[in-house]
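Subject: Structure handover

Hi there,

Here is the structure I promised to pass along. Please have it open while you read the notes below.

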Amino acid sequence: MKTSVCIIGGGPSGLLLSQLLHLKGIDNVVLERQSREYVLGRIRAGVLEHGFAKLMREAQCGERMDREGEIHEGFFISHDGRMDRVDLHKYSGGSSVVVYGQTELTRDLYDARDRMKGTVIHNAEDVALHDLTSARPSVTFRQGDEVTRIDCDFIIGADGFHGVSRKSIPRTVLREYEKVYPFGWLGVLSRTKPVSPELIYAKHERGFALCSLRSQVLSRYYIQVPLADKVEDWSDEAFWAELQRRLPAEVSARMITGPSIEKSIAPLRSFVAEPMRYGNLFLAGDAAHIVPPTGARGLNSAASDIYYLYHAMLAHYQRGDSSGLEGYSAKALARVWKAQRFSWWMTTMLHTFPDSIEYDKKLQETDLAYLFSSEAAQRSLAENYVGLPF
Ligand code: APR
Ligand code: PHB
């Protein structure tokens, strides 16, 4: 096979780029290791920056998001028995975020790819990248007994944290930065009315908790758990009881509980790989960087990579200008690191660390006290949460 851009990974990063390029007549192929059912069965985050929402509309995939997604102009932080509201709208100069599940967004992208007869190859096994520093790189993959080679101009590594693309960059070139947190988040999805119309991030000595939602009839809740915990350790009853212990009494009192329809544990990790380009391979999204979910940056950081890549590809194919491709890694990483900083800060401020000393606890309290006593601090939080400009 021959194509201009071979995209590895059919998650939100790969699909969004595929769709945007296709609309500009740039031929591309998406290779996904899993089946579509598997990809669409994963429950992931749900807070979108307006920059992301705009890109979805530009990709002609924004209709359902605009209809079903909710605009949120603020959220709560509960701590020390009180609830403080972060007014995103006021402190970000009128901006907000869109609450719309990543799973739904991915479904919309797949539907658009189908509608436009885009090539998305599922169950692609043994994907391997070749000749990355040559002018004609290629990708091979296997389906059953059949091995196919795709010749292309560029390869996009949008295959997530466990993908093959990043691993194809020589160890002498790649530098990885990692911070592993000593806990995970246990998440539950339930078909119940959310306890609050706006998100509640809860700091509690028993551990962090988060009340989020997918719609007015679908709730998403999380609690911080030790790394050793297994999903099987947590019955629905135990989960609800622990969640309620970590929230202000008046919130817990009005919480509607119900059977979980999904329950999973995700460890918290910060990770960045540099550079994000090697020859004609470009990394995007989780393949290059991971953040702990506390600041809702993961999906949004992927979106800014795609924005930069899309515009760099357009300049290359439409005007023969490769400066965007040359500068991609540095530009993307500058924003990636700001999202890392913000996610680390939110995580550190709100979680209970098993090895923290009394001094650390005082600093956490002071961080929150400062935040809610300073308009400048709230402005800084809001500007990062709604998304720094691309
Ligand atoms: N070959 C082909 N596809 C692969 C391979 C491989 N070797 N390895 C992984 N993949 C696929 C995965 O099955 C997955 O569907 O690549 C896709 C990567 O998708 P995501 O992990 O969703 O990563 P990305 O598209 O960058 O999405 C950004 O932001 O909120 C965060 O983690 C959240 O998934 C979200 C991410
Ligand atoms: C979610 O709804 O899954 C969610 C929301 C906000 C976060 C993390 C996860 O910070």
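First, the ground rules. This is a predicted model, where local features need pLDDT of at least 70, side-chain atom pairs count only at pLDDT 80 or more, and totals for chains, interfaces and linings use all residues. Residues are numbered from 1 along each chain as its sequence is written, chains are lettered from A and ligands numbered from 1 in the order in which they are written, and side-chain values use heavy atoms, with hydrogens and water left out.

**Ligand 1**

Around ligand 1 there are 25 residues, and Ser13, Glu32, Arg42, Arg44 and Asp286 come nearest (a residue is near if one of its heavy atoms lies within 4 Å). The shell splits into nine nonpolar, ten polar and six charged residues. Here Ala, Val, Leu, Ile, Met, Phe, Trp, Tyr, Cys and Pro count as nonpolar, Asp, Glu, Lys and Arg as charged, and the others, Gly among them, as polar.

Helix H1 (12-23) and helix H9 (298-319) each supply at least two residues of this shell, and H9 gives the most, with three. Helices (H or I, at least four residues) and strands (E, at least two) are DSSP runs, numbered from the N terminus.

Oxygen atoms of ligand 1 take part in polar contacts (pairs of N or O atoms within 3.5 Å). A polar side-chain atom of Glu32 lies 2.6 Å from a ligand oxygen, and one of Arg42 lies 2.7 Å from a ligand oxygen. The protein covers 91% of the 710 Å² of accessible area that ligand 1 has on its own (Shrake-Rupley method, 1.4 Å probe; for residues, only the protein chains shown count as cover).

**Ligand 2**

Ligand 2 is surrounded by 14 residues, the closest being Tyr201, Ser212, Arg214, Tyr222 and Pro293. Nine of the shell residues are nonpolar, three polar and two charged.

The side chain of Arg214 places an N or O atom 2.8 Å from an oxygen of ligand 2. A polar backbone atom of Thr294 is 3.4 Å from a ligand oxygen. The protein covers 99% of the 280 Å² of accessible area that ligand 2 has on its own.

**Salt bridges**

How many salt bridges does the structure hold? There are 29, each a side-chain nitrogen of Lys or Arg within 4 Å of a carboxyl oxygen of Asp or Glu. In one of them, the side chains of Glu49 and Arg297 meet at 2.5 Å, N to O. Glu49 lies in the loop between strand S3 (47-48) and helix H3 (50-58) and Arg297 in the loop between strand S20 (289-290) and H9, so the pair ties together parts that are 248 residues apart in sequence.

Glu49 is buried, at 2% relative accessibility, and Arg297 is buried at 3%. Buried means under 20% relative accessible area, exposed over 50%, and partly exposed in between (1.4 Å probe, protein chains only).

The salt bridge of Glu63 and Arg67 (3.4 Å, N to O) is within helix H4 (residues 63-68), where the two lie four residues apart, about one turn. Glu63 is exposed, at 63%, and Arg67 is exposed, at 55%.

**One more residue**

Met346, in helix H10 (residues 323-350), is buried, with a relative accessible area of 0%. Its C-alpha atom is 6.0 Å from that of Gly295, 51 residues away along the chain.

Best wishes

Definitions and conventions:
Polar contact = N/O pair within 3.5 Å; in protein donor to acceptor, adjacent residues only side chain to side chain.
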